[in-house]
Amino acid sequence: MKIVFCDLDGTILMPGEDRLSGAAYEGVEKILQNNIIFCVASGRSYSELKRIMKDFDDKVYFIPSDGSQIIYKEETLFAKSLDKSSMNYLDEERDYVLHGKYLSYVKSCKDTFVRKIKEQYNGHIVRVANYKEIDRDVYKLTLYNSDREIPLDNVYKDYMIREFVNDTNKGYAVKRLMEILHLDKKDSIALGDGVNDIEMFQAAGESYAMIQAPPHVKKQATGTVINFSRFIEKVIKE
């Protein structure tokens, strides 16, 4: 095995965790020590991934914002930004966040909502009156309490949040990175636990879903594991 693609929340990090430590830290370290490439593929923005992986941020590849970018040692190898010139669909939205490479931008008239978002993203947030104020590329949209039709790809949804990207997903970015590195599908293995990991499973030569993943997600993987440490055992055996 030459490259590992791994989701973050629910795989490397368990609920309530917000930093890489213990077995997770040792697992990433072990992969790198075995000269295997490690790539974090997550719905989180790059600034969040960089913070969480701070001891490894110059050694690992990042696929943030559900496949909208590929970043290595601060260099953007691939990016699929949103078209800000055609975001008129946001004119009537009350609460949303647009995610850039280093900063995210929140629009809301509610101070309590803005404070909550700033806490969630560890301060990497700028408050804006609307998207027209943003002068940098953005890669992902998070809408709150809205059922409006959006001309983008919906990569996540629950009872109050929907997240959108522009014609990409984790699997697309996985394929692009393997092309960049001149690796074959058989050289790769992936780990995840969510619906947004299914395309990543399909793009990798081998894939594992966490045991707590929904049944339809587990069905798309070639196997299941109980935790990240067990996954590392499979990677090193390969």
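Predicted model: local features only at pLDDT ≥ 70, side-chain atom pairs only at ≥ 80, totals over all residues.

**Backbone, packing and buried contacts**

User: What is the order of the strands in the open sheet?

Analyst: Two strands pair if DSSP finds at least two bridges between them. The edge positions belong to strand 8 (125-127) and strand 10 (153-157), each pairing on one side only. The pairing is mixed across the six strands, and the order is 8-7-6-9-11-10.

User: Which residue of strand 8 is the bridge partner of Val106?

Analyst: Strand 7 (residues 104-107) is joined to strand 8 by three bridges in the parallel sense. The partner of Val106 in strand 8 is Arg127.

User: What angle does the direction of helix 3 make with that of strand 8?

Analyst: Helix 3 (residues 111-120) packs on the sheet and touches strand 6 (96-99), strand 7, strand 8 and strand 9 (140-144), contact meaning heavy atoms within 4.5 Å. Axes are lines fitted to C-alpha atoms, for helices over the stretch in contact, and angles run from 0 to 180 degrees between N-to-C directions. The angle with strand 8 is about 160°.

User: How wide is the arc that the buried residues of helix 4 cover around the axis?

Analyst: In helix 4 (residues 170-180), the buried residues are Lys170, Gly171, Ala173, Val174, Leu177 and Met178; buried means under 20% relative accessible area, exposed over 50% and partly exposed in between (1.4 Å probe, protein chains only). The arc is that of the directions from the helix axis to the C-beta atoms. These residues lie on the same side of helix 4 because the arc is only 160°.

User: How are helix 1 and helix 7 oriented?

Analyst: The axes of helix 1 (residues 22-33) and helix 7 (residues 228-237) come within 9 Å and cross at roughly 10°. Angles under 35 degrees count as roughly parallel, over 145 as roughly antiparallel, 65 to 115 as roughly perpendicular and the rest as oblique. Helix 1 and helix 7 are therefore roughly parallel.

User: Is Lys140 buried or exposed?

Analyst: Lys140 belongs to strand 9. Its side chain makes polar contacts with the side chains of Asp66 (2.7 Å) and Glu163 (3.0 Å). A polar contact is a pair of N or O atoms within 3.5 Å; within protein, one must be able to donate a hydrogen and the other to accept it, and residues adjacent in sequence count only if both atoms are side-chain atoms. Because its relative accessibility is 2%, Lys140 counts as buried.

User: At what distance does the side chain of Thr11 reach the backbone oxygen of Leu8?

Analyst: Thr11 is found in the loop between strand 1 (3-6) and helix 1, and its relative accessible area of 1% makes it buried. A polar atom of the Thr11 side chain lies 2.5 Å from the backbone oxygen of Asp7. For the backbone oxygen of Leu8, the distance is 3.0 Å.

Key:
Residues numbered from 1 in each chain as written. Heavy atoms only, no water. Helix = DSSP H or I, 4+ residues; strand = E, 2+ residues; numbered from the N terminus.
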